[in-house]
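I opened my notebook today to look through a structure piece by piece. Here are my entries, in the order in which I made them.

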Amino acid sequence: MSMRQLWEGTDARPWAREINGRTKLIVLFLYAILMITIDNPRSLFILFMLTLLLHLAAGTSFYKWKVMAVLLMLGLWGSMVSQALFFSQIPRTPLFVLISLDTPVLGAVTGGLFIYREGILYGAVQGLRAATMLSLGLLVCWTSDPRQLLNALLAWHLPPQVAFMLVTAIRFLPVLAAETGEIITALQLRSDTQRGRTAIIQHIPYIAKPLLARCLRRAQTLALSVVSRGFFSAKVSQVRQSWRTLEKAGCFAFCLFTLAVVGSKICYVLSEQGFYFGMFRKLYDISKLYL
Amino acid sequence: MRNFIVCLVTLLLSLAGVQAFAGQQMEAVYPYSLEKREIRTVTGHSTLPLFINLTSFDVPRMQEAEVSVRLPEGFSALPKEGWQVRPGSASAHWSLDADYAQNFDLLYIQADEAAVSGSKQMEVTVTGEDWNEKKTISFAYDAAGETLEQPQEKSKKVDRKKFNWYIQSVTLPVDPFGHRDERAENGVVYVRDTTLEGFRNRMKGDGATNWSAVFNHPAAFLLLDMRNPQRDIRVLRFKAQLLDRVTGQVVEGLVTAGKTDHEAGEGWAGKTGEEAETTALISLDGKKTQAFVLPLYVDYFKVLEGEYTLRITVDGGGQQKIQEVPLTIAKKHSLGLLAVGFAFFCFLIMLGLLLRLKKCVFSIGAKGAITVALFAAISFGGIALPSTILGDLVHALLGPFSGLITGLLSGIMQYLLIVSLLVLYRKPGVLTLLYVIKFMLSGIMFGHFSPIGVLSTSVYIVVTEALLWLSGFFRKEELDPKYMFCVAVLLGLGDALITFVNLEQMMFFYRLYYADWFLTMYMVVNGLLYSSIGSWIGFRTGTKLRQVVSE
């Protein structure tokens with residue numbers, strides 16, 4: 001599977017592809033709010049598992065599962081490593097000493113650098129937030145055509161000029177990638193060292209200028225074409241995808257649920273600061289146990 | 001002359017009078033109440049203090065004195081430093097300073113099992129070189145008056161000496177009057193965030209922070225409920241320590257407030273922060289139940305959030321009682337809240353900027369708009385895309401230090417693109433347009449539509465646009481290298497601020513921890529250094545690209 005195919009949403013089950021872009025973006029945004037609101041590890045895990053179940057239901061291909069698994073594992077690992085190093089809660093048990101307190105300069109600057117056992121677990125739990133959003137983001141990406149999401153933004157009154165710029169950026173992404181490849185080839189051929197011919201990393205600093213120069217030339221040509229045809233000032237044509245009542249109702253219900261969760265959490269946090277109201281006791285219990 | 005003689009005679013007479021009144025005065029009180037209450041009856045097996053106060057005045061030399069106490073039958077003195085305790089008596093050697101001296105002490109006397117009820121007498125004698133002071137104290141003893149109200153097993157004999165007093169309960173947090181606020185969660189202490197203390201004080205006009213005052217302000221109060229079944233009267237030492245719940249080791253976090261005056265042992269003892277404990281002196285006043293409201297002092301620089309065990313130790317007279325209660329320390333993250341507040345403020349400004357976006361698009365024309373779109377595509381494909389895919393890999397290998405590598409893209413490349421675009425299209429709003437297109441590309445291609453993404457983009461847009469506007473970038477006719485060097489540094493500083501705000505946001509929303517040195521390193525390297533370099537390269541690149549535009 002090519003890189004391009006990897007980011008396309010053509011192989012997903014029809015029901016997932018047919019969902020309106022607006023529904024997908026709303027669910028994505030509300031889910032993100034839930035992920036930063038909830039603290040309970042069990043609830044976070046359930047929400048994460050839910051996104052994986054959605055992937056199953058949407059028929060995500062095995063190759064994409066593998067890609068997602070790698071990305072999720074790397075993300076979780078990164079979170080675990082960083083929190084194992086910087087865990088700042090008690091109790092904490094140092095497993096390894098990376099920089100001792102006695103180390104000259106670094107010891108004094110860092111106050112010692114340790115791998116904390118509790119930090120690893122904490123990092124895994126907190127990493128679930130980012131992992132869930134990555135999983136859901138990939139689900140939206142793998143079940144949607146970019147046009148579908150663009151139409152959703154247009155339906156929300158995105159200025160046509162901005163929409164035009166967005167379409168231009170999307171359309172020219174593969175072209176720019178191809179041009180970058182050409183520039184790298186040219187730089188490799190011009191390089192006078194044997195090692196430099198193959199090492200792309202050495203040529204990276206020299207890619208920017210020719211690539212941007214080509215962009216400017218392309219922009220000149222495109223602008224002439226666009227202005228002469230009157231495209232720029234006109235509305236971008238869009239194929240309106242129907243937004244079914246069921247989807248609208250679902251979005252509305254999810255929005256209410258998210259508001260309730262956020263409201264409940266805010267009430268609980270306020271109660272910890274002394275703003276306690278007896279009538280919200282059940283709400284406090286729910287927040288403490290599940291949120 | 002006559003007046004002088006009269007004065008001299010008067011002075012000599014008064015001195016002689018003073019010398020005539022020179023001497024020693026001894027005061028002995030048993031049972032002595034720390035609250036100066038008059039107590040006449042000693043109740044069953046209690047431990048009460050004998051107070052001896054010896055005052056010497058107008059003796060122009062140092063004196064040695066022997067203090068001896070003869071106890072009634074069935075009474076014994078508890079061991080004490082400086083005292084020789086024998087059955088039925090105790091003695092001590094005191095040195096009295098010249099001219100004026102005051103020596104005083106408390107000696108704890110305990111009624112033993114053998115003591116019988118009735119009228120008792122205690123004799124206190126102080127003997128000097130050529131003087132002797134004696135006092136006989138009479139008191140009543142009621143052996144059955146108060147006994148320990150503890151259920152006892154018949155076969156097990158309770159050692160009454162161990163139950164003079166004990167800790168009934170420890171409650172925290174309470175208010176300074178000892179009232180428990182039912183709205184506050186039990187066993188949770190909120191510690192103020194002192195990160196912005198200096199800034200806050202200066203803004204309020206209070207000047208530099210008085211850290212002594214901050215440290216001497218209690219973080220919380222606890223209510224120590226003591227039981228004193230034998231009605232002891234005595235001074236006890238109180239100590240509160242934080243323990244690691246897993247290892248049981250004492251950890252840093254609590255401190256003792258500084259001395260309230262210059263005399264050691266008065267009030268709070270020891271210097272601030274010397275030990276990881278809060279200490280105090282408490283006095284049992286002979287009541288069966290007594291509650292103490294005690295302040296807990298926290299080392300704001302060292303205390304960490306988390307679950308602890310609070311160990312309360314009360315000791316005195318050879319006895320020690322310990323009680324441990326669970327304690328949670330929670331910090332108020334004012335810096336995180338401030339960062340999020342700033343991000344929301346930026347978001348509101350960005351909404352205003354978005355309304356003017358269309359105007360900006362028309363001002364740069366179709367060519368400009370397409371250029372911005374293509375630059376945004378490069379920014380997305382060359383920065384966001386590799387950062388998402390390779391960033392995770394680098395993150396897994398280097399952990400928190402991965403940003404130093406990915407920062408080469410997000411710092412140098414990003415600012416190279418921004419500044420070179422701005423050199424070509426020097427108009428307010430161009431930057432906003434670039435960031436908006438990039439954010440939307442990221443949202444559409446990766447589904448990265450999230451509140452943090454929106455807030456983070458808002459901070460980038462508002463801070464960078466504001467800095468460029470303030471530096472006069474949009475108004476300047478010619479961009480010379482000197483000026484652009486300053487702009488590059490300014491953008492670097494701005495990016496350091498953006499990095500800080502965005503990391504604080506991440507910490508706030510994702511409940512992550514990053515050390516202060518790590519934040520500083522990111523701000524300096526990723527923010528200031530990389531972004532300034534990127535901006536400078538961007539200026540050079542943009543200047544060259546002008547030739548392409550004018551072709």
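Are Tyr30(B) and Phe139(B) buried or exposed? I found that both Tyr30(B) and Phe139(B) are buried; buried means under 20% relative accessible area, exposed over 50%, and partly exposed in between, with a 1.4 Å probe and protein chains only.

Before going on, I noted the ground rules. This is a predicted model, where local features need pLDDT of at least 70, side-chain atom pairs count only at pLDDT 80 or more, and totals for chains, interfaces and linings use all residues. Residues are numbered from 1 along each chain as its sequence is written, chains are lettered from A and ligands numbered from 1 in the order in which they are written, and side-chain values use heavy atoms, with hydrogens and water left out.

A pair of aromatic rings is described by the distance of the centres and the angle of the planes. Rings of Phe, Tyr and Trp (its six-membered ring) pair if their centres lie within 6.5 Å; planes under 30 degrees apart count as stacked, over 60 as edge-to-face and the rest as tilted. I looked up the total, and it is 14 aromatic pairs over all chains. Tyr30(B) and Phe139(B) form an edge-to-face pair, 5.0 Å centre to centre with 70° between the planes. This pair links distant parts of the chain, 109 residues apart: Tyr30(B) is in the loop between strands S1 and S2 of chain B, and Phe139(B) is in strand S10. Tyr30(B), Phe75(B), Phe139(B) and Tyr141(B) form one aromatic cluster.

Why is the pair of Phe485(B) and Trp536(B) edge-to-face? The ring centres of Phe485(B) and Trp536(B) are 6.2 Å apart and their planes are at 80°, so the pair is edge-to-face. Phe485(B) is in helix H9 and Trp536(B) in helix H10 of chain B, 51 residues apart. Phe485(B) is partly exposed because its relative accessibility is 49%. Trp536(B), at 27%, counts as partly exposed too.

I counted a charge as sitting over a ring if NZ of Lys or CZ of Arg is within 6 Å of the ring centre and within 35 degrees of the ring normal. Lys321(B) lies over the face of Trp165(B), 4.5 Å from the ring centre. The charged end of Lys476(B) sits over the ring of Tyr483(B), at 4.7 Å from its centre.

In chain B I traced four strands that form an open sheet in the order S11-S13-S18-S16, with antiparallel pairing. Two strands pair if DSSP finds at least two bridges between them. The edge strands are S11 and S16, and each pairs on one side only. Strands S13 and S18 of chain B pair over eight bridges. Asp225(B) has Ala291(B) in S18(B) as its bridge partner.

Chain A has 14 helices and three strands, and chain B has 10 helices and 20 strands.

How values were computed
Helix = DSSP H or I, 4+ residues; strand = E, 2+ residues; numbered from the N terminus.
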